[in-house]
Amino acid sequence: MLAKRIIPCLDVKDGQTVKGTNFVNLRQAGDPVELGRMYSEQGADELVFLDITASHEGRKTFAEMVERVAANVSIPFTVGGGINSMEDVDRMLSAGADKISINSAALRRPELIDEIANHFGSQVCVVAIDARMDEQGWTCYLNGGRIPTERGLFDWAREANQRGAGEILFTSMNHDGVKTGFANEALARLSEELTIPVIASGGAGAKEHFRDAFTLGKADAALAASVFHFGEIKIPELKEYLSTQNITVRK
Amino acid sequence: MKVAIVKYNAGNIYSVIHALQRLGVEPVLTDDAETLRTADKVIFPGQGEASNAMQYLRERGLDEVIRSLKNPILGICIGQQLMCRHSEEGNVDCLGIFDVDVVRFQPQRHEDKVPHMGWNTLQEMNSKLFEGLKEEPYVYFVHSYYVPLCNDTAATTNYILPFSAAMHRDNFYATQFHPEKSGSIGEQILKNFLEL
């Protein structure tokens, strides 16, 4: 049976991994390539590396890191952050990434999804969505959660699906960094409305939260950062736990 | 050991190169017939679209070269599909090494998402490629088309229905999954191929 995937996410700035709470207060957490290899050995199913550097120099460092990851890690990995054009996609895939994730660039110019899908195939195109829920419902945000848009989460996710996205990576800004569980209701609705896999992100604080993302949220994969980086949850123990809960995981 | 990777228009051969390098092999990427024929092992990797790939191979005469190889060759993903008779993807005649046609997954329930993407298990493993592996090992798949079960099936996986996760006939080997992305299991499979 197809296994539910556990995906550690590494935010990278100037060649080092960092992780914020609610997207601020960054803390250092090590060398991305070493961390990636360690996670792979522990049984992570995929890895995500997000470039949170703004500078041109930082971008170059990131591309070099992608090459080092590709040479050293034998599981699939996705790279995101600052991918705005087909040239950026080509550069990351050429550096050895298996998939790329696009976020703000896709909201600003949705045709980018069609172009990537047609040229490189849907399987490389992960559309990441940062959304926050308020009285109006779920709204998509740009630039790492800094700028609200007019787009609703479900409407945008359906459009991305139709345009050829291979997966949706949904981060709930309400839940991110709070460690009280994933946005399971929104996840379940995404899973029901879309024909592509949904990756849950934002809110992991305990093993039970992963179980709930897969059962209540019907997610295909769950992504987390700090709980893995600081060893609060260890991947082998998490997978052991999930299999006792009748969730199919790769061990 | 001389390992040649077939150079054609199917993306992401880097991961195959890196995986071989981790096993201590420095492969050559080539579309030269003589280099392919004289290599100890040939790898026919791929991600991409079947009809474009076939057109590219035909224009360069690589279809004949691959069909006539006598050394062990391993097709990966689209490589396996191109080694079959025909593909529904782009409705194209393929290399015809395996006497079976490639078809698209038809979802039966909402949970049946296409592409089949992620880690799934191998069953009924019946090839030297799988020597030394435990029961039902997990390997990594990304594909929307599949090879139905047939006489050349060397391992099966169940997604929507049981299909050919690996194939073998004479010197021709193939996997639908990506051994180069399947962690230590994939490494063992590649090692087994290199040691054939």
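A residue is buried if 20 or more other C-beta atoms lie within 10 Å of its own, exposed if 12 or fewer, and partly exposed in between. The exercises below use this cut-off on a predicted model.

**Exercise 1. Describe the overall build of chain B and the confidence of its prediction.**

Step 1. Confidence comes before geometry. The mean pLDDT of chain B is 95, and 99% of its residues reach 70 or more. The model as a whole scores ipTM 0.90 and pTM 0.93.

Step 2. Chain B holds six helices and 13 strands. Its radius of gyration is 15 Å, close to the 16 Å that the globule rule gives for 196 residues, so chain B is as compact as a globular protein of that length. The C-alpha trace spans about 50 × 35 × 30 Å along the principal axes of the chain.

Step 3. By the cut-off above, 50% of the 196 residues of chain B count as buried. Among contacts in chain B with a separation of 6 or more, 68% come from residues 24 or more positions apart.

**Exercise 2. Find the strand order of the open seven-stranded sheet in chain B, then its edges.**

Step 1. The order is E2-E1-E3-E4-E13-E12-E11 in chain B, and the pairing is mixed.

Step 2. Strand E2 (28-30) and strand E11 (153-159) of chain B are the edge strands, since each pairs on one side only. On average, neighbouring strands of this sheet are turned by 25° against each other, direction ignored.

Step 3. At one end of the order, E11(B) runs antiparallel to strand E12 (residues 161-169) of chain B, and six bridges join the two. B:Asn158 stands opposite B:Pro162 in E12(B).

**Exercise 3. Locate the hairpin formed by E8(A) and E9(A), and examine its turn.**

Step 1. Strand E8 (residues 137-142) and strand E9 (residues 147-152) of chain A pair in the antiparallel sense over three bridges. A:Leu142 stands opposite A:Ile147 in E9(A).

Step 2. Four residues lie between the two strands, and A:Asn143 in the turn has a positive phi of about 50°.

**Exercise 4. Account for the backbone geometry of A:Lys179, B:Asp170 and B:Pro115.**

Step 1. Most residues other than glycine have a negative phi, and most peptide bonds are trans.

Step 2. A:Lys179 has a positive phi of about 65°. This residue is in the loop between strand E10 (167-172) and helix H7 (184-193) of chain A. A:Lys179 counts as partly exposed because it has 17 C-beta neighbours inside 10 Å.

Step 3. B:Asp170 has a positive phi near 50° and is found in the loop between E12 and strand E13 (172-175) of chain B. With 11 other C-beta atoms within 10 Å, B:Asp170 is exposed.

Step 4. The peptide bond joining B:Val114 and B:Pro115 is cis, with omega about 10°. B:Pro115 lies in the loop between strand E7 (101-104) and strand E8 (116-121) of chain B.

Terms used
Residues numbered from 1 in each chain as written. Chains lettered and ligands numbered in written order. Predicted model: local features only at pLDDT ≥ 70, side-chain atom pairs only at ≥ 80, totals over all residues. Pairing = 2+ DSSP bridges. Axes fitted to C-alpha atoms, helices over the stretch in contact; angles between N-to-C directions. Rg over C-alpha atoms; globule rule 2.2 N^0.38 Å. Contact = placed C-beta atoms within 7 Å. pLDDT = per-residue confidence, 0-100.
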